[in-house]
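Here are a few notes to go with your first look at this one. Have the structure open while you read.

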Amino acid sequence: AADNPAATNLADGSAYNKVLKLNLTGSTSGAVNVTGVRVTRSGFSLNSDFSGILVLDANGARHGNVVTIFDSGAGDTALIQFANDPIVVPAGGTTSLWVLANINASQTTNGTFAFSVINAADVMTANAAAVAGTFPIVGNTFSVIDGASFLGALDIDAGTISASARN
């Protein structure tokens with residue numbers, strides 16, 4: 001997508017970092033239900049540097065579970081499936097899909113990474129319908145920095161407050 005997330009520094013321990021945007025175009029013969037996507041990690045990083053990968057639709061709704069990256073034998077991939085909650089691409093229309101990454105706070109690489117969708121088969125659809133696209137779709141390269149001095153934490157304690165009148 002032309003508005004793919006720009007390369008930047010991301011802190012370890014950060015979550016919901018938008019790292020790739022796909023614009024999916026449906027067939028003119030009918031709507032297409034996208035039921036999953038496989039993304040491939042590249043760069044100077046480890047699979048364990050990421051605590052989760054997830055997919056959001058154009059409205060910001062998550063589809064599928066937050067998954068981890070694994071060595072599939074054909075690369076370091078994350079398979080996000082959401083057959084029970086597909087992203088619907090209207091007939092002849094286009095809709096967006098975002099890939100987000102949660103970076104493990106205990107990662108030690110402080111390296112670089114990018115995510116991509118290698119080919120059309122990495123976008124799963126119901127009933128073997130197809131979505132149009134130019135593959136591979138490769139996101140920008142991000143750098144991971146130490147987030148210890150950048151990310152804050154908030155602890156909230158619950159306590160009972162008396163309803164009695166106070167002076």
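1. Let's start with D122, which counts as buried because its relative accessibility is 7%, and buried means under 20%. Keep in mind that this is a predicted model.

2. Who is the partner of D122 in a salt bridge? That would be R38, with the closest N and O atoms 3.1 Å apart. D122 sits in the loop between β10 (112-117) and β11 (123-125), while R38 belongs to strand β3 (residues 32-42), so this pair ties together parts that are 84 residues apart in sequence. R38 itself comes out as partly exposed, at 29% relative accessibility.

3. Next up, D76 and R41. These two form a salt bridge whose closest N and O atoms are 2.7 Å apart. D76 is in strand β7 (residues 76-81) and R41 is in strand β3, so parts that are 35 residues apart in sequence get tied together here. R41 counts as buried at 8% relative accessibility, whereas D76, at 22%, counts as partly exposed.

4. Then have a look at K21 and D3, another salt bridge, with 2.6 Å between the closest N and O atoms. K21 lies in strand β2 (residues 17-25) and D3 in the segment before β1 (9-11), so the pair links parts that are 18 residues apart in sequence. Is K21 buried or exposed? It's buried, with a relative accessibility of 8%. D3 is partly exposed, at 43%.

5. How many salt bridges does that make by the rule used here? The count comes to three. As background, side chains of opposite charge can pair when their charged atoms come close.

6. Now for the backbone. Most residues other than glycine have a negative phi, and most peptide bonds are trans. Two places in this model are worth checking against that.

7. One is Y16, which has a positive phi of about 60° although it is not a glycine. You'll find Y16 in the loop between β1 and β2. Y16 is also exposed, with a relative accessible area of 56%.

8. The other is the peptide bond from F135 to P136, which is cis, with omega near 0°. Where is P136? Look in the loop between β11 and β12 (137-138).

Methods:
Residues numbered from 1 in each chain as written. Predicted model: local features only at pLDDT ≥ 70, side-chain atom pairs only at ≥ 80, totals over all residues. Heavy atoms only, no water. Salt bridge = Lys/Arg side-chain N within 4 Å of Asp/Glu carboxyl O. Helix = DSSP H or I, 4+ residues; strand = E, 2+ residues; numbered from the N terminus. Buried < 20%, exposed > 50% of the residue type's maximum accessible area, 1.4 Å probe, protein only.
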